[in-house]
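I opened this notebook to record what I looked up in one structure. The entries follow the order in which I consulted it.

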Amino acid sequence: MHTVIPGPRSLELAARRAAAVPNGVGVTLPVFIERATAGILEDVDGNRFIDFGSGISVTNVGNSAPAVVEAVSAAAEAFTHTCFQVTPYEGYVAVCERLNDLAPGEHEKRSFLVNSGAEAVENAVKIARYVTGRSAVVAFDHGFHGRTLLTMSLTGKAMPYKRGFGPFAPEVYRMPYSDPFHGSGRLEEVIRSIETTVGAEAVACIVVEPIAGEGGFVVPEAGWLAGLAEWCKEAGALLVVDEIQSGMGRTGTWFACEQDEVVPDLMTTAKSLGGGLPIGAVTGRAEVMEMVHRGGLGGTFGGNPLACAAALAVFDIIESQGLLDRACHIGRVSMSRLSELVGRAPAVGDVRGRGAMIGVELVGPDRVPDADAAQRVAARCHQAGLLVLTAGTYSNVIRLLPPLVMPDELLDDGLDVLVDALGAAT
Ligand SMILES: *Cc1c(COP(=O)(O)O)cnc(C)c1O
């Protein structure tokens, strides 16, 4: 560290920010970034931070990955926009081909591209309602699906995402998510509750994250997601798996639900799909996706040519650099360091995750969530030069989302800081 955190230039910019940007747009660590690479963020005061956040799981391939920069620059030189629905271009089609190929299941698929995760989830629900002719959407506690009206309605956490922003979209029904650590959301109970309170014949789709991301990196019980998939099939509802945070190699497979042996009817991606450029996608069964009338899907910017070029580079980097294996490696190293703390550092209740998507849940006696402890741990990490993010319905989880290209030394240094902070803060 060159300066105290935040340093003088960041403080100057923070003052300008406060006068220009509303407070409702929150900030985790108020240092202004000047440049970033594969696992290091450098601020305007010359302070360097190890990046365990990846811009919320967006830069899985590293920040400004050279192949992404090159592809985007070349695309920008060629053309910046046509609108795919006005005059199409190859990059868009190529991204859809890759997604169709990689998404779970051997059936024929189709994809289309949008600008964000929320927009992908909105469209998945649109399609599910259209195709089933039903309106009810089942979502879960701990779920996060975005900040637009529908996706905010699907989201399970009032503060800060929903409070004061109602009325919410109708026909959203919330069920408990499987949470083994707290013993909630057993499959039979969830299904019984859907059948009795909503009615199987009313359900257009279930929208579910294979691992709850913003909700606290909650990994459901084995077989839970597969059970929901099975139920959907019997009920004639569609299963929408939201892979926006867990996808694109994060958990050691292209998509987390592969490890549950679940084949979604519709799958949403965004975040790391564009390697830092804004892009989202809906991928689904061809017979479902093809039902919607011409012109019913789309958007002005969806699948922007620069974002498509970035996404194609991201697919190549994950493959050529073996990043699925790297995700598993990062997971093993992190788990072995952090799981030692369970039972030793009193507040560390649970260390869990899959691949490089790992959460540390901080609790008091009787597993009561301890948000203050999580805040103290994060603050101590930040002061020591490690960017970590918190998560959780109770804001009591430290989440690890390092870029999958992070070198071992950086990972070790970051884990040293985190282990120290978890010890000190508890
Ligand atoms: C981030 C996220 C979204 C929303 O994506 P935006 O691009 O912020 O709209 C939706 N679902 C999940 C699981 C997410 O993590």
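**Entry 1: Cis prolines**

I began with P167, whose place is in the loop between α6 and β6. Here helices (H or I, at least four residues) and strands (E, at least two) are DSSP runs, numbered from the N terminus. I noted that this is a predicted model, in which local features need pLDDT of at least 70, side-chain atom pairs count only at pLDDT 80 or more, and totals for chains, interfaces and linings use all residues. Residues are numbered from 1 along each chain as its sequence is written, and side-chain values use heavy atoms, with hydrogens and water left out.

I found that G166 and P167 are joined by a cis peptide bond, with omega about 0 degrees. I then looked up P160, which lies in the loop between α6 (149-154) and β6 (172-175). M159 and P160 are likewise linked by a cis peptide bond, and omega there is about 10 degrees.

**Entry 2: Positive phi**

I noted for reference that most residues other than glycine have a negative phi, and most peptide bonds are trans. H142 has a phi near 70 degrees, a positive value in a residue other than glycine. I located H142 in the loop between β5 (136-140) and α6. H142 is buried, as its relative accessible area is 11%; buried means under 20%, exposed over 50%, and partly exposed in between (1.4 Å probe, protein chains only).

F217, too, has a positive phi in a residue other than glycine, near 50 degrees. F217 sits in the loop between β7 (203-208) and α8 (224-235). I recorded F217 as buried because its relative accessibility is 0%.

**Entry 3: Cavities**

I asked how many cavities of 30 Å³ or more there are. The count comes to four. On a 1 Å grid over the protein atoms alone, a cavity is a set of points where a 1.4 Å probe fits but cannot get out, and a pocket is an open set with protein on both sides within 12 Å along at least five of seven lines; lining residues have an atom within 4 Å of a point. Grid points are joined across faces, edges and corners, and a volume is the space filled by probe spheres set on the points.

The largest cavity has a volume of about 70 Å³. It is lined by 13 residues, and H142, G215, E361, Y394 and N396 are the closest to its centre. I sorted the lining of this largest cavity into three nonpolar, seven polar and three charged residues. In this scheme Ala, Val, Leu, Ile, Met, Phe, Trp, Tyr, Cys and Pro count as nonpolar, Asp, Glu, Lys and Arg as charged, and the others, Gly among them, as polar.

**Entry 4: The second largest pocket**

I read a volume of about 610 Å³ for the second largest pocket. Its lining consists of 21 residues, with F84, Y92, S111, F112 and L297 nearest its centre. At least two lining residues come from each of α4 (90-102) and β4 (109-114). By class, nine residues of this lining are nonpolar, nine polar and three charged.

**Entry 5: α4 against α10**

I followed α4 to its crossing with α10 (residues 305-320): the two axes come within 8 Å and cross at roughly 35 degrees. Axes are lines fitted to C-alpha atoms, for helices over the stretch in contact, and angles run from 0 to 180 degrees between N-to-C directions. On the α4 side, the contact is made by G91, Y92, A94, V95, R98, L99 and L102, and on the α10 side by C308, A311, L312, F315, D316 and E319; contact means heavy atoms within 4.5 Å. The contact has nine nonpolar, one polar and three charged residues.

**Entry 6: Buried or exposed?**

I looked up G295 in the loop between α9 (286-289) and α10. G295 is exposed, since its relative accessible area is 70%. G295 and Q85 are 210 residues apart in sequence, yet their C-alpha atoms are 8.5 Å apart in space.

T251 lies in the loop between β8 (238-242) and β9 (266-269). T251 counts as buried because its relative accessibility is 2%. Leaving aside neighbours within four places in sequence, T251 has contacts that include I211, A327 and R354.
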